[in-house]
Amino acid sequence: MSARLSQETILVIDDNPTNLEVLYNALSISGYDVLVEMDGSSGLAQAHNYPPDLILLDVMMPGIDGFETCRQLQENPATCKIPIIFMTALADTVDKVKGLHLGAVDYITKPFQKEEVLARIQTQLKLRRLSLELEQQKQELERTVELRTAELTRTIQELKATQLQLIQSEKLSTVGQLVAGIAHEINNPVGFLNGNLEQAYLAIQDLIDYIRLYHEIYPAQGTEIEEKAQEIEIDYLLEDLPKMLLSMQVGVERICSISNSLRTFSRADVDTKVFANIHEGLESTLMILQHRLKAQKDRPEIQVIKNYGEIPKVECYLGQLNQVFMNILANAIDALEEGSEGRGYQELEKNPNQILVQTSLKNEREVMIRISDNGVGIGQGIKDRIFDHLFTTKPVGKGTGLGLTIARQIIVEKHEGTLEFISDSNRGTTFAITLPVS
Ligand SMILES: Nc1ncnc2c1ncn2[C@@H]1O[C@H](COP(=O)(O)OP(=O)(O)O)[C@@H](O)[C@H]1O
Ligand SMILES: [Mg+2]
């Protein structure tokens with residue numbers, strides 16, 4: 001029988017020597033290790049020092065009775081899992097129920113029926129073996145789950161780090177420190193030009209006045225001087241020269257504003273968010289994309305319509321937001337170019353390519369930025385994939401499939417905002433960003 005396979009130990013606690021002897025003999029013959037104690041306290045000590053596999057416990061004993069012994073066994077973590085079978089001479093069901101309530105697994109009544117006692121003991125020991133096995137399996141399972149969870153956590157952390165690196169490298173490749181450096185370097189010579197142009201303008205005005213005065217007082221008619229004046233068309237020249245200088249000044253001012261835009265766009269990101277003007281970010285990004293918006297040989301200029309609302313400064317990493325604007329605007333331009341293919345220049349002039357940039361206050365706490373295009377739109381079949389890492393419909397070398405992944409990470413994770421879109425293959429696409437003001 002299964003009980004014989006392993007040497008299982010049974011502790012019998014009973015004050016009646018006859019009972020003890022009967023049980024001892026019956027159990028020993030059946031192959032169990034039997035320990036006996038004659039009162040509650042010794043039984044508790046024994047069970048604590050050498051936990052048996054099962055306890056047979058008499059109810060009526062002098063000193064600590066069976067119920068109290070049972071309660072104390074249940075209380076002690078070292079013994080609480082040992083199955084207890086009560087032995088009772090009382091046919092009283094109330095006592096049996098009390099024993100079961102206290103945590104006993106079964107009861108047997110005296111005088112003993114040997115077969116019945118053995119059968120009940122075997123059943124309980126089997127249950128115990130099974131529950132121990134179960135417990136062990138549960139622990140193994142928990143360990144495995146813990147290990148897997150740790151592995152997963154590590155993987156997620158690695159992924160996050162990789163994504164951050166991607167953001168960093170994408171950022172460097174879109175604009176980069178190069179741009180910031182160039183903008184910085186341009187600043188000095190441009191300032192120099194600007195200052196000197198103003199001086200030159202004044203100086204030339206003086207010079208012109210002087211020449212006119214000289215000519216008035218010494219007309220020098222019929223001389224080489226007059227010949228030369230005619231040759232160089234002196235009147236026209238004197239009139240034109242200040243205009244030339246003014247237009248140079250306009251040019252220099254434009255360089256200044258481009259250089260400022262470049263610096264705004266590639267503003268080195270500080271560790272903390274700062275309150276920034278979203279419109280400045282949008283403007284600098286559009287300025288940088290100017291070359292892509294301009295007319296090309298196969299299509300007219302892309303119209304940019306701005307509809308800026310009154311919005312407060314937003315607490316953000318403006319450099320990163322600019323990167324988002326850049327990615328979305330570049331996608332819009334791509335979509336417009338794709339939609340322009342095969343349509344004639346004239347057709348396109350009649351129905352021009354447009355990008356609409358809108359800002360508004362969504363509510364007291366959030367601003368909304370919408371960028372719309374009337375390009376090809378996003379096909380129904382790929383709508384739930386466009387934010388996926390590396391998903392692109394563009395040819396190799398043109399698309400990376402990172403733009404929107406990064407945009408979403410910056411908006412949702414870094415700024416706790418939202419990034420959504422609606423798209424219709426006939427009418428184009430709108431991306432909507434909401435950002436908490438702070
Ligand atoms: N404005 C848009 N109009 C049409 N399709 C778009 C638009 N913006 C994004 N998409 C689609 O989403 C895809 C993923 O965009 P993105 O993550 O920026 O990667 P990439 O631009 O490198 O392809 C694009 O390949 C394109 O199919
Ligand atoms: Mg893109």
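1. A pocket here is an open set of points on a 1 Å grid over the protein atoms alone, where a 1.4 Å probe fits, with protein on both sides within 12 Å along at least five of seven lines. A molecule sits in a pocket if more than half of its atoms lie within 2 Å of its grid points. With that in mind, the largest pocket is the space taken by ligand 1.

2. Some housekeeping: this is a predicted model, with local features needing pLDDT of at least 70 and side-chain atom pairs pLDDT 80 or more, while totals for chains, interfaces and linings use all residues. Residues are numbered from 1 along each chain as its sequence is written, chains are lettered from A and ligands numbered from 1 in written order, and side-chain values use heavy atoms, without hydrogens and water.

3. Which residues come nearest to ligand 1? Of the 19 around it (a heavy atom within 4 Å), they are Thr-392, Thr-393, Lys-394, Thr-400 and Gly-401.

4. Polar contacts (N or O pairs within 3.5 Å) are worth a look. The side chain of Thr-392 comes to 2.5 Å from an oxygen atom of ligand 1. Nitrogen atoms of the ligand are involved too: one lies 3.0 Å from a polar side-chain atom of Asp-373, and one is 3.4 Å from the side chain of Thr-429. The protein covers 94% of the 540 Å² of accessible area that ligand 1 has on its own (Shrake-Rupley, 1.4 Å probe).

5. Lys-110 and Pro-111 are joined by a cis peptide bond, omega about -5 degrees. Leu-390, in the loop between β10 (366-373) and α14, has a positive phi of about 70 degrees.

How values were computed: Polar contact = N/O pair within 3.5 Å; in protein donor to acceptor, adjacent residues only side chain to side chain. 1 Å grid on protein atoms, 1.4 Å probe; cavity = no way out; pocket = protein on both sides within 12 Å on 5 of 7 lines; lining within 4 Å. Helix = DSSP H or I, 4+ residues; strand = E, 2+ residues; numbered from the N terminus.
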